[in-house]
Amino acid sequence: MTRRPNEQLPLVFGHDPATGREDLLVSDRLSAAIAIVDHWPEWPSPIVIIAGPVGSGKSHLASIWRERSDAVAIHPVAGSNAADIAAFKPVLFEDVDRQGFDDTALFHVINSVRQNGTALLMTSRLWPMSWPVTLPDLKSRLKAATVVEIGEPDDELLTQVLFKLFADRQLLVDERFVAYIVNRMERSLEAAQTIVERMDHLALARGTRLTRALAAEVLEELANARRSD
């Protein structure tokens with residue numbers, strides 16, 4: 001994205017998104033995933049997989065569960081001690097489909113969890129049936145896991161998310177402004193994150209307020225970017 005001649009690059013001040021349980025945005029699309037996190041340790045099985053698109057809230061839910069359960073983040077690859085950790089504490093494996101894993105290492109983690117009464121939460125954009133698993137025993141173990149899906153966001157959730165993302169950056173917006181964006185944006189939480197980030201950047205660079213004209217400019221930029229992909 002090009003920068004206008006009169007734009008100044010803003011100083012980057014870190015903004016901390018609110019990721020506590022009280023900050024979780026509740027909608028029908030998230031209800032099953034929220035319920036599974038809230039009901040820990042009374043899970044239907046010790047292995048739970050939360051599957052959903054990018055920006056759907058998986059990381060937020062994983063963060064809540066990790067704090068609640070005192071879980072340790074693991075990456076089951078050859079030579080890791082993930083199975084040993086899983087024998088003593090709950091473990092968390094995020095972004096399974098992006099990070100990748102060793103079939104045997106993940107199989108040993110699952111066995112360790114089952115044998116020692118701990119727990120494993122995994123997050124993924126894909127359902128486990130789409131993971132590149134070749135080990136038959138691991139396929140069997142994954143079929144026994146509890147899989148919870150997070151669906152694509154509806155208007156209500158997109159509205160909540162936009163308000164939260166603006167608030168995380170200490171930006172005050174009203175309902176009509178957010179509704180204008182929701183009615184014109186791509187239907188994804190990843191798009192919501194990109195829109196707020198880009199608007200904040202441009203407003204700081206130009207020393208202007210957040211306006212509908214700025215929102216329209218950002219939405220057009222993103223639409224053009226999608227068309228050129």
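**Before you start**

This is a predicted model, in which local features need pLDDT of at least 70 and side-chain atom pairs count only at pLDDT 80 or more, while totals for chains, interfaces and linings use all residues. Residues are numbered from 1 along each chain as its sequence is written, and side-chain values use heavy atoms, with hydrogens and water left out.

**Stop 1: colour by confidence**

Colour the chain by pLDDT, the predictor's confidence in each residue, from 0 to 100. The mean for the protein chain is 86, and 86% of its residues reach 70 or more. Now select residues 1–24: pLDDT stays under 50 there, and the model has 41 contacts for them beyond four places in sequence. Contact here means heavy atoms within 4.5 Å.

**Stop 2**

Next, select residues 120–124, which make up strand 4 and include Ser-124. Helices (H or I, at least four residues) and strands (E, at least two) are DSSP runs, numbered from the N terminus. How many of the residues of strand 4 are buried? The count is 5 of 5, so the strand is mostly covered; buried means under 20% relative accessible area, exposed over 50%, and partly exposed in between (1.4 Å probe, protein chains only). Show the side chains: Leu-120, Met-122 and Ser-124 point one way, while Leu-121 and Thr-123 point the other way.

Bring in the neighbouring strands. Two strands pair if DSSP finds at least two bridges between them. Strand 1 runs parallel to strand 4 and is joined to it by 5 bridges; look for Ile-50, whose bridge partner in strand 4 is Thr-123. Strand 3 also pairs with strand 4 in the parallel sense, over 3 bridges, and here Leu-92 stands opposite Leu-121.

**Stop 3: zoom in on Ser-124**

Stay at Ser-124, which counts as buried because its relative accessible area is 0%. What does its side chain reach at 2.7 Å? Follow it to the backbone oxygen of Leu-126. The Ser-124 side chain also makes a polar contact with the side chain of Trp-131, at 3.1 Å. A polar contact is a pair of N or O atoms within 3.5 Å; within protein, one must be able to donate a hydrogen and the other to accept it, and residues adjacent in sequence count only if both atoms are side-chain atoms. Not counting residues up to four places away in sequence, Ser-124 touches several others, among them Ile-50, Lys-58, Val-96 and Asp-97.

**Stop 4**

Select Trp-40 and Pro-41 and check the peptide bond that joins them: it is cis, with omega about 5°. Pro-41 sits in the loop between helix 1 (31–38) and strand 1 (47–51).

Move on to Asp-70, in the loop between helix 2 (58–69) and strand 2 (72–73). Its phi is near 60°, a positive value in a residue other than glycine. Asp-70 counts as partly exposed because its relative accessible area is 48%.

Asp-95 has a positive phi too, near 55°. Find Asp-95 in the loop between strand 3 (91–93) and helix 4 (96–99).

**Stop 5: finish at Ile-195**

Finally, select helix 9 (residues 189–206) and pick out Ile-195. Is Ile-195 buried or exposed? At 1% relative accessibility, Ile-195 counts as buried. Leaving aside neighbours within four places in sequence, Ile-195 is in contact with Ile-181, Met-185, Val-218, Leu-219 and Leu-222.
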